[in-house]
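Here are my notes on the model, point by point. Please read them with the structure open.

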Amino acid sequence: MDELKCECGHANPVGTILCEACGKSLGNRQNENKLLDMRYEGSARRSQTYNKSIIDKIWNFFSSVKVGVSLIVIALVASSIGTIFPQETYIPSTIPASEYYEQEYGAFGKLYYLLGFHNLYSSWWYLVIIGMLGMSILIASIDRFFPLYRSLKNQKVVRHDSFMKRQRIFGITNVSDQEVNLEQITERLKKQRYRIRQENGNILAEKGRFSRWGPYVNHIGLIIFLLGGLLRSVPGMYVDKVVWLREGEMKEIPGTNGEYYLKNNAFIFEVYDKENKEDEAFVKAIEKTGTAIAKNYQSNVTLYKQEGEVLPGEKPQLQKVNDFEIKVNEPLKHDHYALYQVDYKLNEFSKMSFYLMDKKTEEKFGTLTIDLNNPKPSYQLKKGYSVELMSYFPDFEFKENGEPTTKTRIPNNPAFIFKMITPDKPEGEVSFVAIRENIEPAGENVYKMAFAGVETRNATALTVRKDLTLGILFAGGIIFMIGVVQGSYWNHRRIWVKRKGEEIWIAGHTNKNWHGLKRDIALVVQTTPLFEPTDQLNEEKSSNKGEEISG
């Protein structure tokens with residue numbers, strides 16, 4: 001049986017509680033209550049009608065408000081936990097995440113990492129929660145919107161007696177000896193912006209129906225907003241990465257899939273000078289702090305674009321795009337990408353030079369220069385003299401057991417283990433050299449590595465950002481706010497006037513602001529023989545209170 005036919009002749013879908021046309025009760029559930037439940041006009045919702053197939057069960061699960069609220073709570077709790085410690089994107093790139101969280105935050109930090117909260121907002125399980133939440137909002141909206149729309153569209157002017165009697169606002173006036181000017185009533189309703197439908201002396205006045213769609217507009221905005229959030233995990237839609245560039249260094253810009261490269265020509269760091277007339281306004285601030293105040297952070301860079309396809313192992317063919325100056329709040333913007341100045345490092349060790357020399361005579365047998373970012377395994381000096389680099393520790397420290405290790409890959413405190421090969425020592429001598437340290441193994445070496453000089457250079461840190469989801473997020477937010485205004489500042493009001501023999505029945509319903517509806521009806525019946533209808537909910541409460549007192 002696919003339809004329920006009412007005595008008025010209208011065919012209703014299975015599960016309908018109140019006839020969509022006349023409002024007559026089609027089941028026993030509504031008869032238990034004096035007042036009608038008008039939330040969805042008694043329409044047939046799929047979730048309350050079918051529960052047989054797997055699709056029905058899935059639909060019913062996601063259409064539940066409790067499930068939707070639970071998913072929101074889970075998402076909020078997970079998001080809150082994700083803010084306890086910084087996400088992996090914002091930790092130093094020089095330390096693996098698996099080590100960083102344990103070093104900085106102890107056992108709780110390690111647990112935080114193992115549970116995946118370090119990369120929460122792009123983790124599969126968080127995206128699943130957001131996807132389920134979006135599905136819940138979508139299904140719940142469809143489950144309620146279309147039955148409600150159909151019921152409001154099919155409603156007739158003349159409603160069933162039981163429908164009228166069981167409205168919260170209801171009243172009857174006997175007009176056997178009096179005349180009622182329905183045209184006057186109609187004009188008063190029109191002045192209050194009601195849309196009027198008439199049939200055989202009966203009136204249906206309605207206004208503000210569009211406010212009923214406010215929650216569903218909210219849902220559309222939320223779905224679009226969640227979709228924008230999910231799209232951030234799609235490659236090419238969202239990039240938020242940091243790239244460090246030393247002066248003279250060129251790197252692929254992360255997140256561009258090899259399409260763009262950037263070269264750091266120079267990093268400029270300027271401070272305000274008390275002796276400079278142009279900086280006189282900052283003299284007091286400099287004297288108060290006692291330290292130099294930064295005036296300008298600037299990276300002079302060149303942007304290159306890759307031309308054609310690059311085979312594995314082949315160098316990319318780059319074409320210069322332009323030169324740019326990147327300053328704080330003045331990013332480089334090109335092709336949806338923006339590069340912001342976020343950090344810097346002055347005088348980072350770049351190259352170190354050493355002499356191979358005789359310890360006693362201090363005779364030098366050549367100089368080697370080590371590129372600290374790309375050291376060679378061996379260095380040839382004079383004929384018969386060479387040096388092998390056995391180990392290199394860019395950021396040297398000793399472990400608890402006394403073994404040397406490196407904290408990071410940045411040359412903050414470089415140390416080396418050299419093997420010095422000479423004609424008289426063909427098997428070589430081993431020496432450990434660090435800043436202000438020259439440690440030899442047991443026994444005394446004939447030769448040593450002596451510090452000859454150091455070269456430094458500045459480094460700049462740039463944040464690379466690309467966000468093609470901002471428009472989607474913005475649209476979702478705007479649509480959501482439209483729904484909020486639509487549902488909050490207007491309300492759906494209906495007034496039914498029914499002539500039944502020598503009686504005039506008046507009933508009214510609104511989704512909120514009952515005081516406003518009562519005021520509208522009072523203005524309509526003013527100076528007419530019609531009685532102002534009563535609020536049956538208040539009467540019911542008064543009756544119940546009286547029964548409690550008498551009991």
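1. Strand β3 (residues 169-174) pairs with β24 in the antiparallel sense, over two bridges. Isoleucine 169 stands opposite aspartate 535 in β24. Bear in mind throughout that this is a predicted model.

2. Which sheet holds this pair? β3 and β24 close the order β4-β5-β22-β23-β3-β24, an open sheet of six strands with antiparallel pairing. Its edge strands are β4 (195-199) and β24 (534-535), and each of them pairs on one side only. As background, strands of a sheet pair through backbone hydrogen bonds, either parallel or antiparallel.

3. Which strands does helix α10 lie across? Helix α10 (residues 514-525) lies across β3, β5 (202-207), β22 (493-500), β23 (503-510) and β24. Against β23, helix α10 runs at about 150°.

4. A further open sheet has four strands, in the order β7-β8-β9-β10, again with antiparallel pairing. β7 (250-252) and β10 (317-327) are the edge strands; each pairs on one side only. On average, neighbouring strands here are turned by 25° against each other, direction ignored.

5. Within that four-stranded sheet, look at β8 and β9. Strand β8 (residues 260-271) and strand β9 (residues 294-307) are antiparallel partners over 11 bridges. Tyrosine 261 stands opposite tyrosine 304 in β9.

6. Now helix α7. It spans residues 214-231, 18 residues in total. From first C-alpha to last, α7 reaches 26 Å, close to the 26 Å expected at 1.5 Å a residue.

7. Which residues of α7 are buried? They are Gly214, Tyr216, Val217, Asn218, Gly221, Leu226 and Gly228. The cover over these buried residues includes α4 (124-154) and α9 (470-488). When reading the list, recall that an α-helix has 3.6 residues a turn, so residues three or four places apart point the same way.

8. Serine 141 sits in helix α4, and α4 is among the elements covering the buried residues of α7. Leaving aside neighbours within four places in sequence, serine 141 is in contact with Tyr216 and His219. Tyr216 is itself one of the buried residues of α7.

9. Why does serine 141 count as buried? Its relative accessible area is 10%, and buried means under 20%, so serine 141 falls in that class.

Technical notes: Residues are numbered from 1 along each chain as its sequence is written. This is a predicted model: local features need pLDDT of at least 70, side-chain atom pairs count only at pLDDT 80 or more; totals for chains, interfaces and linings use all residues. Side-chain values use heavy atoms; hydrogens and water are left out. Two strands pair if DSSP finds at least two bridges between them. Axes are lines fitted to C-alpha atoms, for helices over the stretch in contact, and angles run from 0 to 180 degrees between N-to-C directions. The expected span of a helix is 1.5 Å times one less than its number of residues. Buried means under 20% relative accessible area, exposed over 50%, partly exposed in between (1.4 Å probe, protein chains only). Contact means heavy atoms within 4.5 Å.
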